[in-house]
Amino acid sequence: MIFQQLEVSQEPKGIEDLEVVNETAAQPATPVRRSPRIGLEQYYSEAGPDYAAWSPEFNMHFGYYRAGANPLRREAMLEQMNAEVLTRLQLGAASEPCLLDLGCGVGATLRSFSRRLPHAWLVGLTRVPWQVERARALNQSAGCSERVRVIEGDYEDTTLPAGEFDGAYALESSCHASGTDKGALLAEAHRLLRPGGRLVVADGFLAGGRFATALQERIYRKLCECWVIEEFAHLHRFTERLEQLGFTDITTERLQMRVAPSVAHVPWVTLKFLLTDVIFGKRKMTRARWNNVLAPVLLPLVSAPLGPMTYCMITAMKR
Ligand SMILES: C[S@@+](CC[C@H](N)C(=O)[O-])C[C@H]1O[C@@H](n2cnc3c(N)ncnc32)[C@H](O)[C@@H]1O
């Protein structure tokens, strides 16, 4: 059991105290055209509380629409995305699965899984100390902190023990990883999974095809800058890297239409946010917070059907 192993085998002793801090950013696999101006920690610390306007549960991702669902119920679609990731982990008969969230935000998906899998052990990683604190407080309130651990660390170099996880996932967090193939993140996920364990990645990808115009490409660069992303993964490079690393059973699902109903909530959420938090809010609107307002507005302009970005869920198994 990795929880117990971590608690007895590592310095500092408790997983709760395990701060896996790596100050040295991994080098990108391909040249970077423009480096982000605001750092990840600053962005998520300043804009982090604003995600409450999107999701009271702090689901920091888009939703998954299933036929028959009410497209006006955003939180239900966000929660459905969690459920879809869990289904694809194919945990089968594992009685006490151990799962790893690579880029957990404030832990909404972890808490969702802890409700769905009462015997699972869940570990979440984020580089942002504010998120660690907030996640731990929310886990405490939800009564799941015994089985859910959130630690500060870099998912490209975790120092967690190899081969211990039955499943790992990156829900709208892989975009922040280095390179266009996200090779360092995928290699670390491969190292951490046990043979037969699955990795699920849900995110925006550049899926072939060119930008329609130079302006569209500039909008894409602005979007990356706003969300502190060096470059979204290039779909074919990403799946090639999975193969090279020895993953098998690789499936790619294009989910643009599934996420569209939740993306359609962006104008309304933005307007409401501007009226409440910006005009009457007490917190100063910093550049990071403005970036978080702008990015979701830009996203549809560069995504299918207008542009080359598309939302995918990719599943792969470690041989
Ligand atoms: C958009 S949020 C998604 C959070 C969460 N998966 C969710 O859906 O609610 C992206 C997350 O990725 C994390 N992240 C980005 N780069 C990271 C890295 N190198 N190591 C660990 N976490 C990282 C951020 O700290 C943030 O928590």
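Predicted model: local features only at pLDDT ≥ 70, side-chain atom pairs only at ≥ 80, totals over all residues.

Biologist: How far is the polar side-chain atom of Gln131 from an oxygen atom of the ligand?

Modeller: Gln131 is among the residues that come nearest to the ligand, as are His61 and Thr126. A polar contact needs N or O atoms within 3.5 Å. The side-chain atom of Gln131 and the ligand oxygen atom are separated by 2.6 Å.

Biologist: How many residues of the shell around the ligand are charged?

Modeller: There are 21 residues around the ligand. Helix H2 (40–47) and strand S2 (121–126) each supply at least two residues of this shell. By class, nine are nonpolar and nine polar, and the number of charged residues is three.

Biologist: Turning to the loop residue, is Ser145 buried or exposed?

Modeller: Ser145 sits in the loop between helix H5 (129–142) and strand S3 (148–152). Its relative accessible area is 19%. Buried means under 20%, so Ser145 counts as buried.

Biologist: Which residues is Ser145 in contact with, leaving aside its neighbours within four places in sequence?

Modeller: Contact here means heavy atoms within 4.5 Å. With those sequence neighbours left aside, the partners of Ser145 are Asn139 and Gln140.

Methods:
Residues numbered from 1 in each chain as written. Heavy atoms only, no water. Near = heavy atom within 4 Å. Polar contact = N/O pair within 3.5 Å; in protein donor to acceptor, adjacent residues only side chain to side chain. Helix = DSSP H or I, 4+ residues; strand = E, 2+ residues; numbered from the N terminus. Nonpolar A, V, L, I, M, F, W, Y, C, P; charged D, E, K, R; others polar. Buried < 20%, exposed > 50% of the residue type's maximum accessible area, 1.4 Å probe, protein only.
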